[in-house]
Amino acid sequence: MTGRGARVARRWAAMAAGAVVCGWLSTLTPATSTMAARTAERHAANTVAAGKPGPGAEVKPTSTPEPEPTPKPPPDCRKVKCVALTFDDGPMGSTARLLDMLAAHQVKATFFLVGRNVEQYPELVRREAAEGHELANHSYSHADLGRSSTAKVTSELERTQRAIRRAAGVTPVLMRPPYGSTDKQVAAVTRRLELAQVLWTLDPLDWRFRDSGRVERKVVGGTRQGHIVLMHDIHSTTVDAVPLIIKRLAEKGYVFVTVSELYGKPLTPGKKYIEREPEPLQKQENPGPQQNQEKPEKPDKPDKPEEPEEPEE
Ligand SMILES: [Zn+2]
């Protein structure tokens, strides 16, 4: 082999080795890695590829130091496709398994807590707060607030605020009326207690159909940008559906945020929120030839907030 031929052969060997390293790195990519994680991996791959190994050098990926667990700033939901997963009626025993799943996928959710369950499982509430989820008020006894006296509405909400504060040291700023049952009186009380009313956009009826496959299909098929998805962590069939929901929505480019993160600003006490409406300015922008196919649109089925939840067991 001539000197030139040997040089070419060595260059080819080095390129092949680089490809092996890049391939090895790509196998580390988890299926549902976040965009940030993917960027970090791409960066790592570039770093390795840039340090070209000389001829004959042993190709070994430089041991990348463990990334610092810096708290990520919340995503800007004006720019990325956000969805808020919310879980009602807990905590219950099944909540622990859900928290494991959310932690494994680094997904943040919002929990609308029933006060008496908070008193029964304070350690789960503490864990929800410690792991970055948003805690919210869902009344003390899952009461129909729209049909209750002012005194009852006030006591249901205040008792729950106290229970959550005792358990986790945080004071919720959001509430969700059980059964979506609200009226002017509930609006007035929540305004006074500095709680915004959060309803929902998408209800997969997980409390009625205890079928994980159905829950997953309804949520994945119905979710659009800015939606608030209603689920119940007290049903193990719902908890079972969560890993696939996260995987499929992440594949569609969705980012999971808490309800407060979805709006990106403090919500107005007393006011009702159902979804994050697209920014009016974005509608004016020239659509261009390739419009985003995931533009918010009406879900295939009207999921009315008035839909009653399952009666108390
Ligand atoms: Zn409920």
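Predicted model: local features only at pLDDT ≥ 70, side-chain atom pairs only at ≥ 80, totals over all residues.
## Starting with T150

Where does T150 sit? Its place is in helix α6, which covers residues 150-168. Setting aside residues up to four places away in sequence, T150 touches Q185 and V189. There is also V186 to look at: V186 is 36 residues from T150 along the chain, yet their C-alpha atoms are separated by 7.5 Å.

## How α6 meets α7

Two packed helices are described by the angle between their axes and the distance between the axes. Here, the axes of α6 and helix α7 (residues 184-192) come within 10 Å, and they cross at roughly 45°. The two helices, α6 and α7, are therefore oblique to each other. The crossing in which α6 passes α7 is right-handed.

Which residues bring the pair together? From α6 come T150, V153, T154 and L157, and they meet Q185, V186 and V189 in α7. By type, the residues of this contact are four nonpolar, three polar and no charged.

## A look at the core

In soluble globular proteins, nonpolar side chains tend to be buried together. In this model, the largest nonpolar core has 56 residues. The members that touch the most others are V83, A84, L113, V125, A136, I164 and V229.

Leaving out its neighbours within four places in sequence, V83 is in contact with T223, H227, V229, L249, Y254 and F256.

Methods. Residues numbered from 1 in each chain as written. Helix = DSSP H or I, 4+ residues; strand = E, 2+ residues; numbered from the N terminus. Contact = placed C-beta atoms within 7 Å. Core = buried A, V, L, I, M, F, W, Y, C linked by C-beta atoms within 7 Å. Buried ≥ 20, exposed ≤ 12 C-beta atoms within 10 Å, placed from the backbone. Axes fitted to C-alpha atoms, helices over the stretch in contact; angles between N-to-C directions. Parallel < 35°, antiparallel > 145°, perpendicular 65-115°, else oblique. Left-handed = near helix turned anticlockwise from the far one by under 90°. Nonpolar A, V, L, I, M, F, W, Y, C, P; charged D, E, K, R; others polar.
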